[in-house]
Each structure stands twice: as structure tokens, then as C-alpha cells.
Amino acid sequence: MIAGIEFGGTKTVVAIGHADGRLVEEFRYLTTNPDDTLRTAVEWIRLRGNPEAVGVGAFGPIILAQDKPEYGRMLATPKPGWEGFSLSAALRDAFPDVRIVIETDVNAAALAESRCGAALGLDDVVYITIGTGIGAGMLSGGRLVHGALHPEFGHLKVPRFSGDDFAGVCPFHGACLEGLASGPAIAARWGAEASTLPPGHKAWEMQAWYLAHGVLALAAILAPSRVVIGGGVSQVESFHALVGSTFRKLSAGYFTYGEGVDFIMPPSLGQQAGILGALLLVACG
Ligand code: ADP
Ligand code: ZN
């Protein structure tokens, strides 16, 4: 038996299962302070036995280089109490001599979509989420990409959509991708929740412009064979087709590998991607 934990900004999911991603049982609860959130997961796992390994997909930013002593430590985050908290130290105390693998939540989702979801069997896959924030997980040549710290796709600089003078909502950069195109950015710009804006609203053309620039940057650097876009904001009708056609326009016939209609797709694992990814991490992290 192995265990998986997905730490999210609002909820945490803990599960037991197998390293091939088969989930046996899971439990969802609200994320609170780090000590209580960790304790709940640890106690739930212990009641079910001794795991051989624990895979973790976590919000961040978090230090991810396995050879660093600070591996698994949270960096500056607006989430109260989490800055400086070491997930790896806490889990090692709880489960001594058990292998602990920690990744970003979006990398876990990218892995799950590539092993059992919308990018099945592909080794070069990007998973983007657009919700309260924007982030991307990346699988390149079958390996998860995270660098030494925590990639920050959401904080890319993107060119302005013509006529858009909205200041942006990112507390650090104002008008970065997340500052211009996250759910809170849409709500602040239009004075209405993204979920209430109908397909065909100007907001979606603008949204596709910003997202397509993000995809363009990823495509230029990683050349993925598929880009899976999930998160609440991506659920509006025809979103993926609109981002796809904008991406093709912007790439001007140059990024020909992105020509296929299935280059940009919705996820197929929905809410399960993160926790299945956490289990799969044990075999490949
Ligand atoms: P979180 O990032 O907190 O996990 P979500 O991924 O659910 O949350 O994203 C929440 C955002 O998604 C909100 O801004 C909400 O307005 C937006 N949203 C939810 N459903 C839809 C929808 N069907 N169409 C467009 N936007 C949506
Ligand atoms: Zn930013």
C-alpha cells in the first residue's frame, strides 16, 4: 500500500492506493494550518496501515530539488502559517524510513492526465489550471519538470490584448498572466464572476488571447505534444477551441506540431487528477 496527499489552497485530499494510480480509498477535508492539516492526513493513513511510500502534490511555492536540505519547504505564500513549513520534515517525522516524494499540485495533475487521462500515453504534456490562480505542470520526455524551486507559469509577462487597460490583480506584478486572466482578475475587470459571463462575451476573446500567449511560451520552450487546460475558468463552453484557434493564429504556421485539433484539450480526470497524480509520483518521482 502507498499513500497520496494533495495539499490544495482550500482543500486537502488524502488517499491510499497503488503506485500505478489505482485508488483504494480517499478522504477530503478543508486545508487549515499546516500542523492540523498534516496531522489529519497522517492519522487517516495510519488507521489504514503502514505505507511503503508517500507521494505528495502540493500548492506552493515550495523547494523541490531532492538533493537540497530544504526539500519540501514552503516559501513565501499568502496562506497563513504555511511559509517556512517543511512538508518533507513533517512527513519524515510521521513516517520514518518511508520514501517521500513531493511535487507541485499541477505536476501531479500533469502526470495523472498523461498516465490515465486526456494525454494518455504521451510523454510531453503540459497541464494548465485557471482558477483562483494560474499554474502549469510539465512532463518532458516522461519526466516532471520542476527545477530547483517551483516554476511560476502564472507570473509570465504577456502582451496586452488591444484596448485592455485593466491594472491586473497580482499583488507582486499587477498585470502578469495570473494578474490579467485568473478567475479573480476576470471578476475584477468585468464586475461579475467568470462563471456568470456567457459564451460569446468579450471576456472570452480576451481570455483566449492571454492564455494562448502562455501556451505559446510553453510550446516554444518545451514543444509538448498536448496541452491540457483545466480549472474552473476553463469550463466555459468552447474555451479550448478558442484558445486553440488563437494559439494557431499567433504561431503563424511556425509551430506546426500544434496544428492538430487535439493539441489543446480539457482534462478527463476532473477533481481526481491531483490525488491520482500523488499516487503515481511514487513510481516516477
Ligand atoms: P480553485 O482555483 O480555488 O481550485 P476553481 O478551479 O474552481 O477554484 O476556479 C474558480 C474560478 O472558476 C472562479 O473564478 C469561477 O468564477 C470560475 N468558474 C467556475 N465555473 C465556471 C464556468 N462554468 N465558466 C467560467 N468560469 C467558471
Ligand atoms: Zn504575478
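The model is predicted. Two packed helices are described by the angle between their axes and the distance between the axes. Helix α6 spans residues 202–222, helix α7 spans residues 239–251, and helix α5 spans residues 183–190.

**Packing of α6 with α7**

- The axes of α6 and α7 lie 8 Å apart and meet at an angle of about 60 degrees.
- Because of this angle, α6 is oblique to α7.
- The crossing of these two helices, α6 and α7, is right-handed.
- On the α6 side, the contact is made by Trp204, Glu205, Gln207, Ala208, Trp209, Leu211, Ala212, His213, Val215, Leu216 and Ala219.
- On the α7 side, Phe239, Leu242, Val243, Thr246, Phe247, Leu250 and Ser251 take part.
- The residues of this α6–α7 contact comprise 13 nonpolar, four polar and one charged.

**Packing of α5 with α6**

- Helices α5 and α6 pack with their axes 12 Å apart, at an angle of about 140 degrees.
- This angle makes α5 oblique to α6, since only angles over 145 degrees count as roughly antiparallel.
- The crossing of α5 and α6 is right-handed.
- From α5, the residues Ile186, Arg189 and Trp190 meet Lys202, Ala203, Trp204, Met206, Gln207 and Tyr210 of α6.
- Six nonpolar, one polar and two charged residues form the contact of α5 with α6.

Technical notes: Residues are numbered from 1 along each chain as its sequence is written. Chains are lettered from A and ligands numbered from 1 in the order in which they are written. This is a predicted model: local features need pLDDT of at least 70, side-chain atom pairs count only at pLDDT 80 or more; totals for chains, interfaces and linings use all residues. Side-chain values use heavy atoms; hydrogens and water are left out. Axes are lines fitted to C-alpha atoms, for helices over the stretch in contact, and angles run from 0 to 180 degrees between N-to-C directions. Helices (H or I, at least four residues) and strands (E, at least two) are DSSP runs, numbered from the N terminus. Angles under 35 degrees count as roughly parallel, over 145 as roughly antiparallel, 65 to 115 as roughly perpendicular and the rest as oblique. A crossing is left-handed if the near helix is turned anticlockwise from the far one by less than a right angle, and right-handed if clockwise. Contact means heavy atoms within 4.5 Å. Ala, Val, Leu, Ile, Met, Phe, Trp, Tyr, Cys and Pro count as nonpolar, Asp, Glu, Lys and Arg as charged, and the others, Gly among them, as polar.
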